[in-house]
Amino acid sequence: MFFPFLGLSILSVLWFVFNTSSGDFFGGAYFLKLLISPFLIIALFNTFVIAGAPALLLTSIFAILFRNKKSVVGRKKYFTYLFLISLIAPVVIILIFTRTFDFVNNTIYSLQIGILVVFIHWIIEWIIEKCKNRKKIEKT
């Protein structure tokens, strides 16, 4: 999950560079100032929180409803459905706030949110399984 997220992040940065550059690769001093600016981290955090929190809420509802059926459906299908559901919230939020949909940039953004939300669910599931295994070991 890390490599697709990283690849999409690099693709998003390159898309920004080529759309804002005035002929040179890095878009002049503006792009370099943006990378050094502490506001970049704050902006990235706010960007992912605004769309990530509703996506995490939607997928949490899905995870609670299908927690016991995961073994029936299978892990691959479960995480695929989780990913597809996590794509709904960013698209809706983009359409609400901007009322337009820049296909390349917003698709990359939605995929990043989806990967991030699935990764969070995977980490939570891993922690729960570790706790269950630890309790089983302590009982024996």
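To start with, is Phe 79 buried or exposed?

Modeller: Happy to, keeping in mind that this is a predicted model. Phe 79 is buried: its relative accessible area is 14%, and the cut-off for buried is under 20%. Searching the whole structure turns up 4 aromatic pairs. In one of them, Phe 79 partners Tyr 78 in an edge-to-face arrangement, with 5.2 Å from centre to centre and 75 degrees between the planes. The angle counts as edge-to-face because it is over 60 degrees. Tyr 78 is buried as well, at a relative accessible area of 6%. The two rings also belong to a cluster, in which ring pairs link Tyr 78 and Phe 79 with Phe 62 and Phe 66.

Now for the surface. Ile 50, Leu 58, Ile 88, Val 92, Ile 96 and Phe 97 make a nonpolar patch there of about 570 Å². Two helices, H3 (39–65) and H6 (88–98), each contribute at least two residues to this patch. H6 provides the largest share, with 4 residues. Leu 58, one of the patch residues, sits in helix H3. With a relative accessibility of 35%, Leu 58 is classed as partly exposed, because that class lies between the 20% limit for buried and the 50% limit for exposed.

Methods:
Residues are numbered from 1 along each chain as its sequence is written. This is a predicted model: local features need pLDDT of at least 70, side-chain atom pairs count only at pLDDT 80 or more; totals for chains, interfaces and linings use all residues. Side-chain values use heavy atoms; hydrogens and water are left out. Patches are made of residues with over 30% relative accessible area and no salt bridge: like charges are joined within 9 Å, nonpolar side chains (Val, Leu, Ile, Met, Phe, Trp, Tyr) within 5 Å. Accessible areas come from the Shrake-Rupley method with a 1.4 Å probe; for residues, only the protein chains shown count as cover. A salt bridge is a side-chain nitrogen of Lys or Arg within 4 Å of a carboxyl oxygen of Asp or Glu. Buried means under 20% relative accessible area, exposed over 50%, partly exposed in between (1.4 Å probe, protein chains only). Rings of Phe, Tyr and Trp (its six-membered ring) pair if their centres lie within 6.5 Å; planes under 30 degrees apart count as stacked, over 60 as edge-to-face and the rest as tilted.
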